[in-house]
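Please look over the model below before reading on. The note that goes with it is set out as numbered points.

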Amino acid sequence: MERLGTGIGWRPEIAAEIAELPGVDWVEVVAENVCPGHLPDALQELRERGTTVVPHGVSLGLGGADRPDPGRLTALAERAEALGAPLVTEHIAFVRAGGPLTASPRMEAGHLLPVPRTRDALDVLCENVRIAQEALPVPLALENIAALINWPGEELTEGQFLTGLVERTGVRLLIDVANLHTNHVNRGEDPVVALDGLPLEALAYVHVAGGVERDGVWHDSHAHPVTRPVLDVLAELCARTTPPGVLLERDEDFPGIGELSGELDAIRTVLKEARHVRAA
């Protein structure tokens, strides 16, 4: 798999800071927020400097009962080509439900909702992933999401569900270690056990993000500093494999360049220490 290095989520609010950050190998952009042929000047300048740009979709809803919308797939493919991206990413989630087949109004959640870990849900997800893969010009990687609840009647662990997905479709994985921590706090799932069950040979890259705990619930806010427990999950992942890329996400309450640089350095330190341990 392509080596991406250390990156950061590109957002217009911190475009100037990202341009000055040392050692940023690549950036990720929300696919729905950019338009082919009208890329922001700051993003285009990064591309001209040789910075890899990966589009990250949020609206396909591959875990939903409906087949992927052809228009959304075409749009994602156009962004991959416009950015010269080596791959595109999306989420293992559903984002809408209802419609004519259910005799109910179509509803958009405006949020990534967790897919039940059942064999039927896996069948639907795999078929939707195959359709998406055929429509995209580059490989697809899918992200595990954070959740507040477990669905009743789940039949598979996270590892079993994702292993089945990879084995049946060949899709790559984007592992969000902050989401593994979220699921630890909110769903009682041990991130070490989760990592032991994941098919890490399919790893495309890793997300790291901040959050906050309130009243025993972890909020995956992307608006707070990265915490030590999240970095510890990253270290556990790096003890098992060398990730092709690691990316820092921040979506709100953007800090200054000093704090962003410090968080990237903390990620690099985890990667460096893991390399030393693996080499010993």
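1. Basis. The model is predicted: local features need pLDDT of at least 70, side-chain atom pairs count only at pLDDT 80 or more, and totals for chains, interfaces and linings use all residues. Residues are numbered from 1 along each chain as its sequence is written, and side-chain values use heavy atoms, with hydrogens and water left out.

2. His-56. This residue sits in strand S3 (residues 52–56); helices (H or I, at least four residues) and strands (E, at least two) are DSSP runs numbered from the N terminus. His-56 counts as buried because its relative accessibility is 4%, where buried means under 20% relative accessible area, exposed over 50% and partly exposed in between, with a 1.4 Å probe and protein chains only. Residues up to four places away in sequence aside, His-56 touches Glu-28, Val-29, Val-30, Ala-31, Glu-32, Thr-89, Glu-90, His-91, Glu-143, Leu-174, Tyr-205 and His-207 (contact means heavy atoms within 4.5 Å). With Glu-143 there is also a side-chain polar contact of 3.2 Å. A polar contact is a pair of N or O atoms within 3.5 Å; within protein, one must be able to donate a hydrogen and the other to accept it, and residues adjacent in sequence count only if both atoms are side-chain atoms.

3. Thr-6. Strand S1 (residues 5–9) holds Thr-6, which is buried at 7% relative accessibility. Beyond neighbours within four places in sequence, the contacts of Thr-6 are Gly-23, Val-24, Asp-25, Trp-26, Val-246, Leu-264, Arg-268 and Leu-271.

4. Helix H6. How many of the eleven residues of helix H6 (residues 177–187) are buried? Nine are, so the helix is largely enclosed by the rest of the structure. They are Val-177, Ala-178, Asn-179, Leu-180, His-181, Thr-182, Asn-183, Asn-186 and Arg-187. The buried residues of H6 pack against strands S7 (140–143), S8 (172–176), S9 (203–209) and S11 (217–219), and against helices H7 (191–197) and H8 (228–240). At the start of H6, a side-chain oxygen of Asp-176 comes to within 2.8 Å of the backbone nitrogen of Ala-178. Gly-188, with a positive phi near 70°, follows the helix.

5. Helix H4. The 17 residues of H4 (residues 119–135) should span 24 Å at 1.5 Å a residue, and the end C-alpha atoms are 25 Å apart, which agrees; the expected span is 1.5 Å times one less than the number of residues. Buried in H4 are Ala-121, Leu-122, Leu-125, Cys-126, Asn-128, Val-129 and Ala-132. The buried residues of H4 pack against helix H3 (70–83), S7 and helix H5 (158–169).

6. Surface patch. Leu-148, Ile-149 and Trp-151 make a nonpolar surface patch of about 300 Å². Patches are made of residues with over 30% relative accessible area and no salt bridge, like charges being joined within 9 Å and nonpolar side chains (Val, Leu, Ile, Met, Phe, Trp, Tyr) within 5 Å; accessible areas come from the Shrake-Rupley method with a 1.4 Å probe, and for residues only the protein chains shown count as cover. Leu-148 lies in the loop between S7 and H5 and is exposed, with a relative accessible area of 57%.

7. Positive phi. Most residues other than glycine have a negative phi. His-222 has a positive phi near 55°; the residue lies in the loop between S11 and H8 and is buried at 10% relative accessibility. Asp-253 has a positive phi near 50°, is in the loop between strand S12 (245–249) and helix H9 (257–279), and is exposed at 57% relative accessibility.

8. Salt bridges. A salt bridge is a side-chain nitrogen of Lys or Arg within 4 Å of a carboxyl oxygen of Asp or Glu, and by this rule the count is twelve. One of them joins Arg-117 and Glu-189, with the closest N and O atoms 2.7 Å apart. This pair links distant parts of the chain, 72 residues apart: Arg-117 is in the loop between strand S6 (104–113) and H4, and Glu-189 in the loop between H6 and H7. Arg-117 is buried, with a relative accessible area of 6%. Arg-187 and Glu-189 form a salt bridge at 4.0 Å, N to O, and both are buried. Arg-117, Glu-158, Arg-187 and Glu-189 are linked in a network of salt bridges.
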